[in-house]
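Today I open my notebook on aromatic rings. I want to look up how they pair and what sits over them.

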Amino acid sequence: MSSHMRSVSALETFRKRVYDDESMYIGEWNQGCKNGFGVFRFKDGSTYTGDFQQGLPQGFGIHVLVSGSCYAGQFTDGLYDGYGVYTKVNRTQFLGCFVRGKPNGAGRLLTEKGVTIDGYTCAG
């Protein structure tokens, strides 16, 4: 069975939950935990749309910050991890590898003025 096909008996319904801190999740649940596709709105107003596993962003997702900056890419245990694109409000973009939430490895920086810089970053 592929990872996108789930047994109906193992998957709880798509539902909404509002937390005490006013954050909110709408999506799939499994055994009382965010699991599958969903949308989480953090208490600061930022959002994550994508896959969850055991309550955390896992797999592909999009994180939009209140500032308007955005990350689209891979997540592991709730952190940017793998290939992704981080776009700032001024349109500056970093395309490349992330490890535990930080750019790490080969990547490309596209500045707001259209300058392209290829290089290697090291999260430290």
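**Charges over rings**

I started with Lys34: its charged end sits over the ring of Tyr25, 5.8 Å from the ring centre. The rule I used: NZ of Lys or CZ of Arg must be within 6 Å of the ring centre and within 35 degrees of the ring normal. I then looked up Arg15, whose charged end sits over the ring of Trp29, 4.2 Å from the centre.

**Ground rules**

I note that this is a predicted model, where local features need pLDDT of at least 70, side-chain atom pairs count only at pLDDT 80 or more, and totals for chains, interfaces and linings use all residues. Residues are numbered from 1 along each chain as its sequence is written, and side-chain values use heavy atoms, leaving out hydrogens and water.

**Ring pairs**

I found 13 aromatic pairs in the structure. Phe40 and Phe42 form one that is edge-to-face, 4.8 Å centre to centre with 75 degrees between the planes. Rings of Phe, Tyr and Trp (its six-membered ring) pair if their centres lie within 6.5 Å; planes under 30 degrees apart are stacked, over 60 edge-to-face, the rest tilted.

Phe40 is buried at 12% relative accessible area, while Phe42 is partly exposed at 30%. Buried means under 20%, exposed over 50%, partly exposed in between (1.4 Å probe, protein chains only).

Tyr71 and Phe98 also pair edge-to-face, at 5.0 Å and 80 degrees. Both are buried.

**Cluster**

I traced ring pairs that link residues into a cluster, including Tyr25, Trp29, Tyr71 and Phe98.
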